Amino acid sequence: MPKTKDNKKQYKVPKRRQPVFKVVGAVLKRIFYRKVKVLNLSGKDICEKSIFVSNHAGKHGPMAIEFFMPFNVKWGAHQMLGGFGSRFKYLRDVHYMQELGKNKFVATVRATVEAIFSKMLYKGVKFIGTYSDARFTETVEQSMTVLDNNMSVAVFPENAAEAGGYLAEPEKFLPGFVAVSEQYYKKSGEDVPVYPIYYSHDKKLLIVDRPKYIGEMKKSGMTRDEIAESFRENINSLYREHILADTPV
């Protein structure tokens with residue numbers, strides 16, 4: 001990856017077509033996501049230049065977004081872009097043990113296998129690493145570059161490690177996606193649509209709600225945390241109204 005004059009890495013926007021993942025993705029879609037239905041509550045075509053905010057649904061949310069939403073680049077833990085050791089430790093200690101509640105033996109076996117193949121998969125689904133320190137500014141800048149290229153950014157803000165796992169109704173959302181919308185509005189004057197999304201793998205249903213506009217929400221006096229909480233409540237309401245109530249599609 002080339003560097004600019006100030007010695008910062010220049011982000012390379014992912015290509016829309018990646019032949020290797022196109023084959024792998026087609027197989028995964030046919031096996032695991034063949035019966036998925038999309039319920040678009042907005043009543044309009046989904047804007048390609050936007051932000052998608054979704055529950056994680058274990059491992060399934062990001063893949064469902066990949067297959068059934070307009071071209072997008074996803075947020076995920078930066079460790080998954082590192083070497084084998086970085087991927088293995090994150091998968092075992094955080095993903096499998098903290099988020100999915102597996103014991104150490106099962107987590108070790110699954111993390112070992114997944115760490116071998118995951119780099120290709122993550123590259124295939126087009127991935128931006130996220131950080132919990134000052135490097136988060138890189139995540140924001142890369143996300144804005146994606147938006148500049150008329151593509152979408154998909155964010156999964158559920159704090160599963162703190163909650164003790166991925167829940168049907170997430171308990172807390174991290175507000176990083178709000179910062180992206182704020183900074184992009186400040187930079188371009190464009191208040192991009194942000195779509196609340198809920199995916200249920202059991203029901204094979206992807207629900208896309210009407211878009212919200214964070215610029216408008218900020219003008220009303222809402223803070224970042226309040227906006228993130230509003231999206232969490234919105235997404236949980238999609239679960240209650242369309243999954244728990246078993247609304248016909």
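Two strands are taken to pair if DSSP finds at least two bridges between them. Helices (H or I, at least four residues) and strands (E, at least two) are DSSP runs, numbered from the N terminus. The model is predicted: local features need pLDDT of at least 70 and side-chain atom pairs count only at pLDDT 80 or more, while totals for chains, interfaces and linings use all residues. Residues are numbered from 1 along each chain as its sequence is written, and side-chain values use heavy atoms, with hydrogens and water left out.

**View 1. The seven-stranded sheet.** The strands form an open sheet in the order β1-β7-β6-β2-β5-β3-β4, with mixed pairing. Because β1 (37–40) and β4 (127–130) stand at the edges with a single partner strand each, one side of each has no neighbour in the sheet. From one strand to the next, the twist averages 25°; angles run from 0 to 180 degrees between N-to-C directions, and axes are lines fitted to C-alpha atoms, for helices over the stretch in contact. Three bridges join β3 and β5 in the parallel sense, and K74 has A154 in β5 as its bridge partner.

**View 2. Strand β7 and its two neighbours.** β1 and β7 run parallel and are joined by four bridges, with L39 opposite I207 of β7. β6 and β7 run antiparallel, also through four bridges, and I197 is bridged to V208 in β7. Four residues lie between the strands of this β6–β7 hairpin, where K204 takes a positive phi near 55°. L205 and I207 point one way from β7, L206 and V208 point the other way, and all are buried (under 20% relative accessible area, with exposed over 50% and partly exposed in between; 1.4 Å probe, protein chains only).

View 3. At 1.5 Å a residue, the 13 residues of α7 (residues 176–188) should span 18 Å, and the end C-alpha atoms are 19 Å apart, which agrees; the expected span is 1.5 Å times one less than the number of residues. Buried residues of α7 are G176, F177, V178, A179, V180, S181, E182 and Y184. These pack against β2 (51–54), β3 (72–77), α5 (136–148), β5 (152–155), α8 (214–219) and α9 (224–244), contact meaning heavy atoms within 4.5 Å. After α7 comes G189, with a positive phi near 80°.

**View 4. The packing of α7 and α9.** The two helices pack at an angle of about 115°, with their axes 9 Å apart.

**View 5. The nonpolar cores.** A nonpolar core is a set of buried Ala, Val, Leu, Ile, Met, Phe, Trp, Tyr and Cys residues joined through side-chain atoms within 4.5 Å. The largest has 34 residues, of which I51, V53, V146, F177, I214 and F231 touch the most other members. α9 gives the most to this core, with seven residues. Residues up to four places away in sequence aside, F231 touches V53, F173, F177, V194, P196, K212, I214 and M217. A second, separate core of 17 residues includes I65, V125, F156 and Y199.

**View 6. Helix α2.** Seven of the nine residues of α2 (residues 60–68) are buried, leaving the helix mostly covered. The buried residues are G61, P62, M63, A64, I65, E66 and F67.
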